[in-house]
Amino acid sequence: MRRLLNTLYVTMPDAYLACDGENVVIRVKDETKFRVPVHNLESIICFGFAGASPKLMYLCSERGVALSFLTEYGKFMGRVTGGISGNVLLRRAQYRWADDPTVSARLARRFIAAKIMNSRALLHRLRRDHKETVDSLALDKAITWLAGTADRLEKAGNGDVIRGVEGEAAQVYFSNFNQLILSQKEEFYLFNRNRRPPTDRINALLSFLYTLLAHDVTSAIESVGLDPQVGFLHRERPGRPSLALDIMEELRPHFADRLAVTLINRKQISADGFVVKENGAVIMAEDTRKEVLTAWQKRKLEEITHPYLEEKISLGLVPYVQALLLARHIRGDIEDYPPFFWK
């Protein structure tokens, strides 16, 4: 496999992008902060309200460098591409792959294998760090069972079997989720995974974080030119971002579940921050929603070493890296799609 090459992420909200000859230049208040030759770039992704000069847009279009603009929360706003865009070819390839059950099953196995291993890693870390206070026997059993699903998943020949394995793994994982909760245990107790509407505080919190994650992944997919509604694991449905749901499977444990547990255990949110409606639905109060959004943004700024790139990047950039890796795989630039495994 070849390595991912040169996507420039601009996260400074007051940055302005310009060009100087054949160089992309990032300026903040007339001071040059960064400069890179345009031929070293595959794409530029700007977060926040960064501006760009028409001359730079022309340079990027001429050289085939996609220039994308997203809000600070990761919502896709627009993209500048040249007259001959590879997007339609990429999307047509994506549609052909989605219609091929063998290719779809292969990619679906990648997404779910990473989800199961990342869920297992979360349980494993809890058992390691709090072995005196958790039910280690139950956690050991769950960790072993989840590890054993790898063989079953590799032998799963179609989407239905893969979804069945994923469902069993989710049941084992969420049946042990309450062990992750180390404080406020009575107020935050997960009886089962439910939604639409969530009927307890943990489900309300998880559903909200999953929504934020789906939003980020959808924007990432659009920014690399793929169609977020055509997936390989999730079936197509009008308005459903099936490909975003596919990719976010591997990201849920580390991005959403871990943050939910942290917010509860550190008492950054409390039971009073949730409202129970007459129909039994539980929703977050405005102050709690703001607290969660702030924590989400802070978490996205944390640096990790990406397991495939072996480079330090912000956690918030992982959805874009995974979407770009998938696009490069569909274009034939890399031999297989490397899902995100949390180490």
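Analyst: Let's begin with strands: two of them pair if DSSP finds at least two bridges between them, and strands (E, at least two residues) and helices (H or I, at least four) are DSSP runs numbered from the N terminus. This is a predicted model, so local features need pLDDT of at least 70 and side-chain atom pairs count only at pLDDT 80 or more, while totals for chains, interfaces and linings use all residues. Residues are numbered from 1 along each chain as its sequence is written, and side-chain values use heavy atoms, with hydrogens and water left out.

User: What makes strand E2 and strand E3 a pair?

Analyst: E2 (residues 15-20) and E3 (residues 23-28) are joined by 6 bridges and run antiparallel. At least two bridges are required, so E2 and E3 qualify as paired. You can find Asp 20 opposite Asn 23 in E3, and Tyr 16 opposite Arg 27. The two strands form a hairpin with 2 residues between them, and Gly 21 in the turn has a positive phi of about 65°.

User: How many bridges join E3 and strand E4?

Analyst: E3 and E4 (residues 31-37) pair over 6 bridges, in the antiparallel sense. Val 28 has Glu 31 in E4 as its bridge partner. In this hairpin, with 2 residues between the strands, Lys 29 takes a positive phi near 55°.

User: Which strands stand at the edges of the sheet, and why?

Analyst: The open sheet has 4 strands in the order E4-E3-E2-E6, with mixed pairing. E4 and E6 (51-52) each have a single partner strand, so one side of each is left without a neighbour in the sheet.

User: Why does Lys 115 count as buried?

Analyst: Buried means under 20% relative accessible area, exposed means over 50%, and partly exposed is in between (1.4 Å probe, protein chains only). Lys 115 is at 13%, so it counts as buried. Glu 166, at 17%, is buried too. Arg 163 is at 26%, which makes it partly exposed.

User: And how do you know that Lys 115 forms a salt bridge with Glu 166?

Analyst: A salt bridge needs a side-chain nitrogen of Lys or Arg within 4 Å of a carboxyl oxygen of Asp or Glu. The closest N and O atoms of Lys 115 and Glu 166 are 2.4 Å apart, so the pair passes. It links distant parts of the chain: Lys 115 is in helix H3 and Glu 166 in helix H5 (residues 159-175), 51 residues apart. Lys 115 also touches Glu 249, Glu 250, Arg 252 and Pro 253 (contact means heavy atoms within 4.5 Å), not counting residues up to four places away in sequence.

User: How many salt bridges are there by this rule?

Analyst: The count comes to 17. In one of them, Asp 336 pairs with Arg 110, the closest N and O atoms being 2.6 Å apart. Asp 336 lies in the segment after helix H9 (318-331) and Arg 110 in helix H3 (residues 101-129), so the pair ties together parts that are 226 residues apart in sequence. Both Asp 336 and Arg 110 are buried.

Another joins Arg 163 to Asp 160, with closest N and O atoms 3.0 Å apart. These two are 3 residues apart in helix H5, about one helical turn. Salt bridges that share partners also join Lys 115, Glu 166, Glu 249 and Arg 252 into one network.

User: What span does H9 reach, and what is expected?

Analyst: The expected span is 1.5 Å times one less than the number of residues. H9 has 14 residues and reaches 20 Å from its first C-alpha to its last, close to the 20 Å expected. H9 is mostly covered, with 13 of its 14 residues buried. Gly 332 follows, with a positive phi near 90°.

User: Which residues have the most contacts inside the largest nonpolar core?

Analyst: A nonpolar core is a set of buried Ala, Val, Leu, Ile, Met, Phe, Trp, Tyr and Cys residues joined through side-chain atoms within 4.5 Å. The largest has 92 residues, and those with the most contacts inside it are Phe 177, Leu 205, Leu 209, Leu 226, Ile 247 and Leu 326. Domain 1 (6-80) and domain 2 (88-331), bounds that come from an automatic or database domain assignment, both give residues to this core, so it lies between them. Apart from this core lies another, of 22 residues, among them Ala 15, Leu 17, Cys 60 and Phe 69.
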